[in-house]
Amino acid sequence: MSNAPQTVSDAQLLELIDLVKKIHGFDLSDYSRASLKRRLARIMMLRRFVFYELKHALINEPRFFQWFLEEITVNVTEMFRDPSFYKALNTQVIPYLSSFQHIRIWSAGCSSGEEVYSLSILLNEAYISKKSFIYGTDINTEMLDEARKGMYSIRKLKNYVENYQLSGLPGSLLDHFTIMGDNTSIHDDLKKNTLFSVHNLISDNVFNEFQLISCRNVFIYFEAALQEKILSLFYNSLCPLGFLCLGSKETIRFPGFKNKFKVINSKENIYQKIGDQ
Amino acid sequence: MAISKKTIERWHRSDIILLGGSAGSFKLLLRMIKSFLPGMDKTIVIIIHRQKNFHSDMVKLFAENSKVTVREICDKDPIKKNMIYIAPPNYHTLIEKEKHFSLDVSDSVWYSKPSIDVTFESALDVYADQCTAILLSGANKDGAEGLLKLRESGALTIVQHPNDAEMPEMPQAAIAINAAEYILTTEELLELLCSP
């Protein structure tokens with residue numbers, strides 16, 4: 001037990017990555033190291049562990065690993081995060097998407113569902129929700145349970161109201177929610193065409209063909225080699241001329257992909273699949 | 001406080017200069033930026049608290065006033081010398097061992113994202129005594145803890161004199177925990193930056 005803030009050395013980090021791989025078959029070696037260190041320090045703080053206690057729990061407590069994995073991933077998200085992204089989506093992508101017969105969207109790394117419901121609202125405002133379906137996936141089952149509920153505290157929602165307004169959509173974000181005391185619930189018609197399920201971007205494969213994939217602020221936790229691998233998964237999951245949205249600070253750097261995607265919006269990192277047809 | 005020759009030497013030895021600021025630091029940062037020269041052989045990283053949806057012209061303004069290339073950081077950008085990097089709003093900026101940046105959207109620290117503490121702490125293992133960190137005006141305590149850890153690992157740590165800071169709380173917080181090796185007036189700071 002320790003109350004002092006813990007830090008993790010490089011050697012300890014390597015030891016832990018090795019241990020998790022050997023015992024649980026989960027490969028953390030291509031995660032961004034600096035961020036991983038912060039998450040481990042946080043886990044140790046939450047459990048008041050020193051380093052050897054953390055190792056002990058990983059080796060001896062079977063149920064600890066699931067919790068560990070959930071805490072390793074960052075689950076901070078917002079509705080309409082980066083309003084300028086939604087604005088670009090609305091003006092540059094939605095008109096094109098509307099021409100597809102069916103619109104399947106994949107929100108990869110969806111956490112507690114805020115992005116899925118933001119997209120659902122956007123499709124609804126464009127009158128194309130009837131032919132659309134949004135899949136939200138994450139490795140964190142607890143977060144997926146949260147996402148399925150579609151309930152957010154009023155305090156949280158208040159922070160999203162400004163985002164919504166800046167995104168240029170009509171009315172207010174609150175128009176899409178029912179308020180019940182301190183809690184709010186997203187309208188049922190916005191939940192109807194959504195499905196949340198477990199998917200691991202590192203080890204799982206293509207599971208459907210999509211017209212749009214949004215994976216924003218997930219790549220930041222991965223090193224370049226892993227980013228490239230997942231980019232390939234996304235490429236193979238997109239229909240011809242399908243769209244890929246990355247976070248505004250995540251760019252496609254790999255020469256092999258430069259001619260497979262056309263840049264639709266360089267500031268918001270929206271791409272369209274081309275080539276290799 | 002006169003700046004000793006040894007301090008100036010350490011300044012020149014630093015590969016990376018971390019500048020942290022919040023409310024009231026903009027004008028001084030602009031003056032500092034003007035004094036950096038293309039041949040400085042250093043990396044400058046600026047962490048300034050910013051509103052998340054407010055796409056200010058700050059980066060543009062810095063760039064227009066700089067003789068060195070100014071860039072808002074993107075994930076996995078390599079850390080190059082003779083560049084001024086600005087931490088983007090609504091992310092924490094981390095420094096990786098392989099000398100590149102990575103970004104992080106985890107919870108705010110001291111109500112701030114980017115947090116100065118987060119960047120300072122991530123620089124520890126990578127740069128240690130090859131680093132100078134300077135904490136400027138601000139209205140909260142972000143940066144103090146990180147500055148202390150940097151000082152303990154041999155970095156040159158400096159805070160702006162609270163009397164000179166528009167918002168003295170941030171420098172004061174660092175001074176209170178003995179994180180600052182030097183407390184410099186605005187003029188002394190600029191003198192150090194321009195020292196031959």
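This is a predicted model: local features need pLDDT of at least 70, side-chain atom pairs count only at pLDDT 80 or more; totals for chains, interfaces and linings use all residues.
Chain B is built from 7 helices and 9 strands. Its radius of gyration is 15 Å, which is close to the 16 Å that the globule rule gives for 196 residues, so chain B is as compact as a globular protein of that length. Along the principal axes, the C-alpha trace of chain B spans about 40 × 35 × 30 Å.

Within chain B, helix α4, which covers residues 116–127, packs with helix α5, residues 144–152, at an angle of about 15 degrees, the two axes lying 7 Å apart. Because angles under 35 degrees count as roughly parallel, α4(B) is roughly parallel to α5(B). The crossing of these two helices, α4(B) and α5(B), is left-handed. On the side of α4(B) the contact is made by B:I116, B:D117, B:F120, B:E121, B:A123 and B:L124, while α5(B) brings B:E145, B:G146, B:L147, B:K149 and B:L150. By class, the residues of this contact of α4(B) with α5(B) divide into 6 nonpolar, 1 polar and 4 charged.

Helix α4 of chain B also has a part in the contact between the chains. That contact takes 18 residues from chain B and 19 residues from chain A. On the side of chain B that touches chain A, the elements that give two or more residues are β5 (92–96), β6 (100–104) and α4. The residues on this side of chain B divide into 7 nonpolar, 4 polar and 7 charged.

Turning to chain A, helix α1 (residues 10–24) and helix α3 (residues 51–60) pack at an angle of about 10 degrees, with their axes 10 Å apart. This angle makes α1(A) roughly parallel to α3(A). The residues in contact are A:Q12, A:L19, A:V20 and A:I23 of α1(A), together with A:F51, A:K55, A:L58 and A:I59 of α3(A). In terms of class, the contact of α1(A) with α3(A) has 6 nonpolar, 1 polar and 1 charged residues.

Further along chain A, strand β9 (residues 261–265) and strand β10 (residues 270–273) pair in the antiparallel sense over 4 bridges.

Conventions. Residues are numbered from 1 along each chain as its sequence is written. Chains are lettered from A and ligands numbered from 1 in the order in which they are written. Axes are lines fitted to C-alpha atoms, for helices over the stretch in contact, and angles run from 0 to 180 degrees between N-to-C directions. Angles under 35 degrees count as roughly parallel, over 145 as roughly antiparallel, 65 to 115 as roughly perpendicular and the rest as oblique. A crossing is left-handed if the near helix is turned anticlockwise from the far one by less than a right angle, and right-handed if clockwise. Two residues are in contact if their C-beta atoms, placed from the backbone, lie within 7 Å. Ala, Val, Leu, Ile, Met, Phe, Trp, Tyr, Cys and Pro count as nonpolar, Asp, Glu, Lys and Arg as charged, and the others, Gly among them, as polar. Two strands pair if DSSP finds at least two bridges between them. The radius of gyration is taken over C-alpha atoms; the globule rule is 2.2 Å times the number of residues to the power 0.38.
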